[in-house]
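Here is a short report on selected packing and pairing features of one protein model. Please keep the sequence and the 3D view open while reading.

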Amino acid sequence: MSRLIVISNRVSPPTGDGPGNQGGLAVALSAALRESSGIWFGWSGEETETFTGHINFQRSYGVTTATIDLEAQDVEEYYNGYANCTLWPLFHNRLDLAEFERGFAGGYARVNDRLAETVAPLIEDSDLIWVHDYHLMLLGRNLRARGVKNRIGFFLHIPWPPARLLESLPGHGELFDAMLDFDVIGFQSENWRDSFIEYVQGHTDATIDQNGIVSLGDRQAQIIVCPIGIDFTEFHQAAHGEVARESCRRMKRSANGRTMIVGVDRLDYSKGLPERFLGYERLLGSRPDLHGQLFLLQIAPPSREQVRSYQQIRATLDSLSGRINGEFADAEWVPLRYINKGYPRDALAGIYRASRIGLITPLCDGMNLVAKEYVAAQDPEDPGVLILSQFAGAARQLTDALIVNPHSPDELAEAIDRALRMTKKERKERWHSLMANIRDEDVRWWQECFAKALAGSPV
Ligand code: ADQ
């Protein structure tokens, strides 16, 4: 078995926390790294005055991590700048929020180069290298420039934008060209893969064959769709543990007989939170008979708080939630419980289970694992209903959810109404079909699917 080198912006080694309290991605990658005695390399999250390339090796729960510190200017230009202010908005259809600063692009190129320079000496001939996400799209090129001939794969956790949007990015041609130094490029869904192919066909001299091999000169990259899943076994275990049971009991007590709808997202403009609130407001406005009968619990811990657009979305939501509660609440009922803190994943599992409806309506999302966690946490005898945006990668797999256009308040309001009225028989049928996918295509399936392509076997 070849040794695996995982490279990602941040490294999250196993912590030994109880079931459900480690992200599925960390669990799956840790398992693969443990089995192959591999290394997980990336930024420590810490800053240093001058970049030295010093690697801090650590070993926890059988996984070796290798991290480096970055200069403050690196963090500003590469991470807060190009990754979070240029690529993230552009790849999530928000050209209006994208900032195109030469300094950001320069910082991105510099950090990708620094990471390649630092990790290259650790790589042995038979290693397989797996690079993650939009922070590190130049890494394949930078490793090749240092003579690395190993197979290198890249997995994009977020969407690939339509070609007409990508065109707006200064230097998009170079970025694409650098991608062809990877041997495998993985996407979460057919939609994002198709956008990539559209770009290949419309903007480059590369060709693509029916097996998804993109060729340009003597370089070839295999394009695959490999949707990420949750750690089903672990999450299921967490959902049946004492913490989840207690959190479910407490939620039900606090709901006091009212029907609960839940949304759980990082506070990010891609998650469609204002639109979700407006859909809920539309329902409350048109259905006075529902007042006092239900409430929406929205959990949204702040993220990327240094970035202006994130400060703005937070202010927008503060004001919208205030308006909705101001208009509809009475002394005994608050229709919207809007919370800006994160919960441990096992406690979340209990909250999902207590909720009749999971309202997951991003405007654009690579996959969305919350949708899968919501389904996995349900009581098989009385499962809730998943309302899912058509623009989440997960919608391609979870076709038995109520699929909605998150931009339409009327559609959102109608879907909530339909979910409220859905018979137990229909809820169970839909849930069984959703569960089959979530169980079969879990995070280990995803990891094995990518690892197979990376090893050069047919997928
Ligand atoms: P994210 O945008 O962070 O991830 P998502 O997949 O929904 O989105 O969530 C990842 C994890 O964070 C989930 O396990 C979830 O439980 C946890 N989480 C989210 N909100 C939380 C909250 N309010 N409190 C506590 N935990 C919370 C990116 C892409 C996604 C893609 C993932 C994995 O944007 O599209 O699904 O990577 O590839």
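Predicted model: local features only at pLDDT ≥ 70, side-chain atom pairs only at ≥ 80, totals over all residues.

Local features are described where pLDDT is at least 70. Side-chain atom pairs count only at pLDDT 80 or more.

## The six-stranded sheet

Six strands make an open sheet with parallel pairing. Their order is β13-β12-β11-β14-β15-β16. At the edges are β13 (336-339) and β16 (402-404), and each pairs on one side only. Neighbouring strands are turned against each other by 20° on average, with direction ignored.

Take one pairing in detail. Strand β12 covers residues 294-299 and joins β13 through 4 bridges in the parallel sense. Ile299 has Ile339 of β13 as its bridge partner. A helix also covers part of this sheet. Helix α10 (residues 273-286) lies across β11 (259-264), β12, β13 and β14 (357-360). The helix runs at about 175° to β12.

## The β3-β4 hairpin

Here the pairing is antiparallel. Strand β3 (residues 56-60) and strand β4 (residues 63-71) share 5 bridges in that sense. One of the bridges links Gln58 to Thr65 in β4. The two strands form a hairpin, with 2 residues between them. Tyr61 sits in the turn and has a positive phi of about 50°.

## Helices α6 and α7

Two packed helices are described by the angle and the distance between their axes. Helix α6 spans residues 172-179, and helix α7 spans residues 190-203. Their axes come within 12 Å and cross at roughly 110°. Angles of 65 to 115 degrees count as roughly perpendicular, so α6 is roughly perpendicular to α7. The crossing is left-handed.

Which residues of α6 and α7 meet? From α6 come His172, Gly173, Phe176 and Met179. From α7 come Phe196, Tyr199 and Val200. The contact residues divide into 5 nonpolar and 2 polar, with no charged residue.

## Aromatic pairs

The model holds 19 aromatic pairs, with ring centres within 6.5 Å as the rule. One of them is formed by Trp130 and Trp446. Their ring centres are 5.1 Å apart. The pair counts as tilted because the planes stand at 45°.

Where do these two residues lie? Trp130 is in strand β5 (residues 128-132), and Trp446 is in helix α16 (residues 443-454). The pair therefore ties together parts that are 316 residues apart in sequence.

Note on methods: Residues numbered from 1 in each chain as written. Heavy atoms only, no water. Axes fitted to C-alpha atoms, helices over the stretch in contact; angles between N-to-C directions. Parallel < 35°, antiparallel > 145°, perpendicular 65-115°, else oblique. Left-handed = near helix turned anticlockwise from the far one by under 90°. Contact = heavy atoms within 4.5 Å. Nonpolar A, V, L, I, M, F, W, Y, C, P; charged D, E, K, R; others polar. Pairing = 2+ DSSP bridges. Phe/Tyr/Trp six-rings, centres within 6.5 Å; stacked < 30°, edge-to-face > 60°.
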